[in-house]
Amino acid sequence: MIRVLSVASECAPLVKTGGLADVAGALPGALLAQGVQMRTLIPGYPEVIEALDGAGPVAAFEHLFGGHGRVLAGTAAGLDLLVLDAPHLFARGGNPYLDPDGRDWWDNPERFAALSWVAAQIARQGLADGWRPHVLHGHDWQAGLIPEYLHNLGRGNTRVVMTVHNIAFTGPADASRIPALWLDPARYHSGAYEFYGHVSALKAGLMGADRITTVSPAYARELMTPEFGMGLDGVIRHRQADLIGILNGIDTDVWNPATDPLIQPYADAHGKAANKTLLQREFGLPQDAPGPLCIVVSRMSHQKGLDLLIQALPALLEQGGQLALLGSGEASLQDAFRAAAADHPNVAIRIGYDEALSHRMMAGGDAIVIPSRFEPCGLTQMYGLRYGTLPVVALTGGLADTVINASPAAMARGVATGIQFSPVGAQPLRNALGDLAALYRQPGIWAQMQANAMAQPVGWDQSARAYAAIYRDLLPGTPA
Ligand code: ADP
Ligand code: GLC
């Protein structure tokens, strides 16, 4: 059996700030069905250590970036975990990346360098329980230095796969930290980890991986362009032959409207009505609005384009539509939506993070709006599809790959599942919201689109096969 060590900075349901956690949490189960054994190495944040069952040490390091560290093997939430217990790096409040005041931890480069170094050690030395991976599969910049440490330790036959979930985060560090990061100073050059005069963990990963994957085919193409590559487009073009886009799936057991214990379950879209009434009541929205109830569940950052929604909101409200938003992030965006909610009875918001409420919103909403400026994959449009909540999305990345736009051709064939708008701007979004309201006024067509959406496969099967094929390709002769 192929053995893979997945290396990630977050993993659902234990610790999550975004979709990366969902992917890290879902991959092992999906891959097992493909004959791949995946264990997952994550940092020992307090909530992870606390959740760990039957944990025992399988590796220890006396000196690990300024303190003692060990790897605990255990299970939690059905996951086979290797947890890097290094209190000097991870036993802190705040979230995985930010201190309680919302600033990056000053030693983030070292914290995740330690994670990557330990992954490389596990690949070279194996663990005390006798396990040693064939492949290290790193996610985002936090695992980017793996190829550098493998180089220093002797790469041997270890294969490396790097997945880009978001190229906007590159893991920069000042060159003065090269010794503190245990990097080989001789490799501070453009062919390894140097990037415009500083250290870039993500670049190191992109240069040194055997294969690079990203989370949708459209984003794989976008990454090669200056507009989306965030300065790394040249590196991506250089590695083009080894790059592949593989769509994320969602957990179709957790996100199943027919069995979801957090909602009034429904097998077809008729069952949404009861959930809509409850949701309107919960958000204090009028029940008699003639237009669609749009929802947003999102981090509030520039990436997500919610400033465009603020501008386009009147176009929805004029058509009798409503907005219910759940999110948190940039203060200016939170304030703008607070102000909109104060001004309009048909706008209501919740600032915060609330998994259960996000289920109720998927069940009760008519449409989900995702105006992202870029979106490597995006998960919430897939939740929307599965719950018959039609996605209104920017034509970018995974949003382009997962939604079938209500174009005349798609409507004529009765296959549309949502609305895509392009370019990403306030006016195209206004037009899309107008189109949405027009479709909503045609119940037969709307019901057809809901049925199409709910029937669309959004699980992991196909993508897990694609990952397994990459590992097999890298390991000719390894028994499946
Ligand atoms: P990203 O990782 O860029 O934030 P994704 O769409 O891939 O975008 O994943 C976001 C994940 O986080 C989804 O599972 C979404 O439901 C969840 N999420 C985001 N904001 C909230 C929130 N305020 N409350 C509950 N869940 C949220
Ligand atoms: C990143 C991206 C998001 C993607 C997620 C999981 O957070 O922003 O689009 O769905 O990673 O791959």
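Guide: Helices (H or I, at least four residues) and strands (E, at least two) are DSSP runs, numbered from the N terminus. This is a predicted model, where local features need pLDDT of at least 70, side-chain atom pairs count only at pLDDT 80 or more, and totals for chains, interfaces and linings use all residues. Residues are numbered from 1 along each chain as its sequence is written, chains are lettered from A and ligands numbered from 1 in the order in which they are written, and side-chain values use heavy atoms, with hydrogens and water left out.

Start with ligand 1. Its shell holds 20 residues, and Lys16, Gly19, Arg299, Gly352 and Tyr383 come nearest. A residue is near a molecule or strand if one of its heavy atoms lies within 4 Å of it. Four elements each supply at least two residues of this shell: helix H1 (19-32), strand S13 (293-300), strand S14 (322-329) and helix H14 (380-386). S13 gives the most, with 3 residues.

What kinds of residue make up the shell around ligand 1? They divide into 5 nonpolar, 8 polar and 7 charged. Here Ala, Val, Leu, Ile, Met, Phe, Trp, Tyr, Cys and Pro count as nonpolar, Asp, Glu, Lys and Arg as charged, and the others, Gly among them, as polar.

Now the polar contacts. Such a contact is a pair of N or O atoms within 3.5 Å; within protein, one must be able to donate a hydrogen and the other to accept it, and residues adjacent in sequence count only if both atoms are side-chain atoms. The side chain of Arg299 puts an N or O atom 2.7 Å from an oxygen atom of ligand 1. A polar backbone atom of Leu379 is 2.8 Å from an oxygen atom of ligand 1. Asp354 has a polar backbone atom 3.0 Å from a nitrogen atom of the ligand. Taken alone, ligand 1 exposes 550 Å², and the protein buries 92% of that. Accessible areas come from the Shrake-Rupley method with a 1.4 Å probe; for residues, only the protein chains shown count as cover.

Move on to ligand 2. The residues around it are Gly19, Leu20, Val23, His165, Asn166, Val215, Asn248, Gln303, Glu375, Pro376, Cys377 and Gly378. They divide into 5 nonpolar, 6 polar and 1 charged. Gly19 is listed around ligand 2, and Gly19 is also among the residues that come nearest to ligand 1.

A backbone N or O atom of Cys377 lies 3.0 Å from one. Gln303 brings a polar side-chain atom to 3.2 Å from an oxygen atom of the ligand. For Pro376, a backbone N or O atom lies 3.4 Å from an oxygen atom of ligand 2. On its own, ligand 2 has 310 Å² of accessible area, and the protein covers 93% of it.

Pro13 lies in the loop between strand S1 (2-7) and H1. A cis peptide bond joins Ala12 and Pro13, with omega about 5°. Most residues other than glycine have a negative phi, and most peptide bonds are trans. A cis peptide bond also joins Ser422 and Pro423, with omega about -10°. Pro423 is in the loop between strand S18 (419-421) and H17.
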